[in-house]
Amino acid sequence: MAKQGYDFGLIGLGVMGRNFILNVADNGFKAFGYDLDPEKVKALQEEGGDLDRVNATDNLKTFITALEQPRKIMLLVPAGKIVDNVIEDLLPHIDQGDLIIDGGNSLFTDTDTRESYLREKGIHFFGAGVSGGAKGARKGPSIMPGGSREAYQEVKPIFEAVAAKYKGEPCVAYLGPKSAGNYVKMVHNGIEYGLMQLTSEIYDLLRKAGDMTNEEMHRLFDTWNKGRLQSFLVEITADILSKDDEHGPGQLVDKILDKAKQKGTGKWTSQNAMDLGIPVPSIDIAVSMREISALKTDRIKAEKLYGRPLPGKLDKAELEKMAEEALYFSFVITYAQGLHQLAEASEEYGYDLELGTIAKIWRAGCIIRAALLADIARAYQNDPGLSNLLLDASFASDIKDTLSSVRSLVAYGASHGIPLPGLSNSLTYFDAYTSGRLPLNLIQAQRDYFGSHTYERTDKEGIFHTEWED
């Protein structure tokens, strides 16, 4: 007997929600939307007018009644209290066995709380990170679901149909129980912060050290996007640099205020990494730089007070080579830090994450998609127990070849007053991680001196304490 109801429901018909539900309908599923705003309902109906598989309402009861059981209801609403409010609105109308999917950037601990709360009521709850922006939602995002493995089977055909494809493989996979999906999306966004900061630093270097025009940088980034740096962020950087300002002469990028905002996911990644004891300095500094950028008034005053060194110019051809190598190096380092955090979180929170699978579903559709993710996926598939990407021999060879350029550019930036915190932190992380001995023995001695915190020795087993003062 043919189904009478809609296969999939979606709450929140803003641009992301409207695009996602149209994607669902495009792929042969009947989809029904709900929003309190009649104008958003009307917009969906108009855009999907030639699709008999999509409709919407601003009446909650009509929405619930329209869905086939077990109901699959996805929320694309702002993270926080709004998610809880929508859940409470739904509860009187849905049945045991129904599935609620939070597609927003919710904090993973909130997802754990909601999942536990709804499980007691017999309702399945999923945190499913969706990456790719509005265009990705329409044409194919990367989707990161976590929750009940059994419940995932209900929505798996829909998610695999709407997700981006990499050589025919859907960029979605069941990741693990509880908040695994939202956690992976959080770290994805942390990596995104790092990659964006690094790209902006290379752009600044090309301008100041190479005196390159926007058109020259556009061509360079476009060339890089055809090589090992092929990635969404490099691709859109090339596009941005060639965009003319419709309100005046020149390119738009030069007219944009240098104050970067944030929604919190990068900060959450850094905070949780500290909780886990995992170093992610490339991500940490990317968050800090957005905070520094907000201090625009103070920065202008400080520049007048201290002045700026005049950077000496570098040969353009040599600079282009060094910049490509430095960006590749720092991209690898940032992915390595994020994946290390995921490995530790998997053990701490019982997610049982497969890092090779995560790298695979990031290869297309998402903001951090990049050619090198195929190599990262292979590294973790060849060695699922790989503790850090830097320990993979295939990456070690490429990293070694970039180090001279990275060191030269970091030194150049320091000498000429060009802030390169992302690149510098990436190099410092690498140098520390690859040092068999660090000076932290002195810190342990200091801790024992003032706090009797004890220490271990290199020459014998045990825990020791010294009375340092006579």
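This is a predicted model: local features need pLDDT of at least 70, side-chain atom pairs count only at pLDDT 80 or more; totals for chains, interfaces and linings use all residues.

Residues are numbered from 1 along each chain as its sequence is written, and side-chain values use heavy atoms, with hydrogens and water left out.

Seven strands make an open sheet with mixed pairing, in the order 3-2-1-4-5-6-7. Strand 3 (54-57) and strand 7 (142-146) are the edges, each pairing on one side only. Strands here are DSSP E runs of at least two residues, helices H or I runs of at least four, both numbered from the N terminus; two strands pair if DSSP finds at least two bridges between them.

Strand 1 (residues 8-11) runs parallel to strand 2, with 4 bridges joining them, and Leu 10 stands opposite Gly 33. The chain gets from strand 1 to strand 2 through helix 1, in a right-handed β-α-β crossover (clockwise from the first strand over the helix to the second, with the strands pointing away from the viewer). Strand 1 also pairs in the parallel sense with strand 4 (residues 72-75), over 3 bridges; there, Ile 11 faces Leu 75.

Strand 2 is covered on both faces: Ala 31 and Gly 33 on one side, Phe 32 and Tyr 34 on the other, are all buried (under 20% relative accessible area, 1.4 Å probe, protein chains only). Strand 2 pairs with strand 3 in the parallel sense over 4 bridges, where Tyr 34 has Thr 57 as its bridge partner.

**The rings**

There are 17 aromatic pairs in the structure. Ring centres within 6.5 Å make a pair; planes under 30 degrees apart count as stacked, over 60 as edge-to-face and the rest as tilted. Two of them:

| Pair | Centre to centre | Between planes | Type |
|---|---|---|---|
| Phe 8 and Phe 20 | 6.1 Å | 35 degrees | tilted |
| Phe 329 and Phe 430 | 5.7 Å | 75 degrees | edge-to-face |

Phe 8 sits in strand 1 and Phe 20 in helix 1, so this pair ties together parts 12 residues apart in sequence. Phe 329 is in helix 14 (residues 316-349) and Phe 430 in helix 18 (residues 421-433), so that pair links parts 101 residues apart in sequence. Phe 8 and Phe 20 are both buried, and so are Phe 329 and Phe 430.

Tyr 34 turns up again in an aromatic cluster with Tyr 6, Phe 32 and Phe 63.

Technical notes. Buried means under 20% relative accessible area, exposed over 50%, partly exposed in between (1.4 Å probe, protein chains only). Rings of Phe, Tyr and Trp (its six-membered ring) pair if their centres lie within 6.5 Å; planes under 30 degrees apart count as stacked, over 60 as edge-to-face and the rest as tilted.
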